[in-house]
Amino acid sequence: PTLLDLGWRSFFADQLAPGEPTGDVLRIAGVIRTSANGISPDGEVPLTFPPGMSAGELAIGDWVLCSPGGHRIVRVLERESTLSRRAAGSEAKSQLIAANLDTLFITTSCNSDFNLARLERYVALALDAGIAPVIVLTKTDETPDPDSYISQARDVSDKLEAVIALDAREQMQMQPLRKWC
């Protein structure tokens, strides 16, 4: 993949100093307690944090600059969007979930797991972050009336980008998702 394939845009490029090499730019693909994995056109790279940085300061989707030819994060670029939630505990801290997303797929099944209040919460999180929500309803084969689930999902918000219902076992039903892939 190229940086563009990974989501690189002028918003991020404009944060680089003139002449700063983009070869040391990676997108965070995973965050672990004391390290992270970044992805670049050359593949996945294990990354380390600089002194004073913790895993809680990074989110999947962040763009980072690394030391030239190295694997140490030098800085995190400003985020275009941030998906976060209230962290567990009594303090009102925020926990990063993901960053720099355009679309959030909110997936639930057309069975007893369907929960309208949960869908509303996730859609609200996406909209608050400036991320387009798409509800994906799965297991349409398990209900005699998938249209009722579709209708309920559409009623969650008039700001949904789409509601897609499918039986994931059927390859052709995946077609509506291709525009985001």
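Val134 stands opposite Ala162 in E10. The model is predicted: local features need pLDDT of at least 70, side-chain atom pairs count only at pLDDT 80 or more, and totals for chains, interfaces and linings use all residues. Residues are numbered from 1 along each chain as its sequence is written, and side-chain values use heavy atoms, leaving out hydrogens and water. Helices (H or I, at least four residues) and strands (E, at least two) are DSSP runs, numbered from the N terminus.

**Exercise 1. Work out in which order the three strands form the open sheet, and which strands stand at its edges.**

Solution. 
- Start with the pairs. Two strands pair if DSSP finds at least two bridges between them.
- Seven bridges join E8 to E9. Thr107 has Val136 of E9 as its bridge partner.
- Four bridges join E9 to E10.
- The order is therefore E8-E9-E10, with parallel pairing.
- E8 (103-109) and E10 are the edge strands; each has a single partner strand, so one side of each lacks a neighbour in the sheet.
- On average, neighbouring strands are turned by 20 degrees against each other, direction ignored. Axes are lines fitted to C-alpha atoms, for helices over the stretch in contact; angles run from 0 to 180 degrees between N-to-C directions.

**Exercise 2. Find which strands helix H2 touches, and its angle with E8.**

Solution. 
- H2 spans residues 116-128 and packs on the sheet.
- H2 touches E8 and E9. Contact means heavy atoms within 4.5 Å.
- The direction of H2 makes about 175 degrees with that of E8.

**Exercise 3. Explain why the buried residues of H3 lie on the same side of the helix.**

Solution. 
- List them: Tyr149, Ile150 and Ala153 are buried in H3 (residues 146-154). Buried means under 20% relative accessible area, exposed over 50%, partly exposed in between (1.4 Å probe, protein chains only).
- They cover an arc of only 100 degrees around the axis, which puts them on the same side of H3. The arc is that of the directions from the helix axis to the C-beta atoms.
- Their cover includes strands E9 (132-138) and E10 (162-165).
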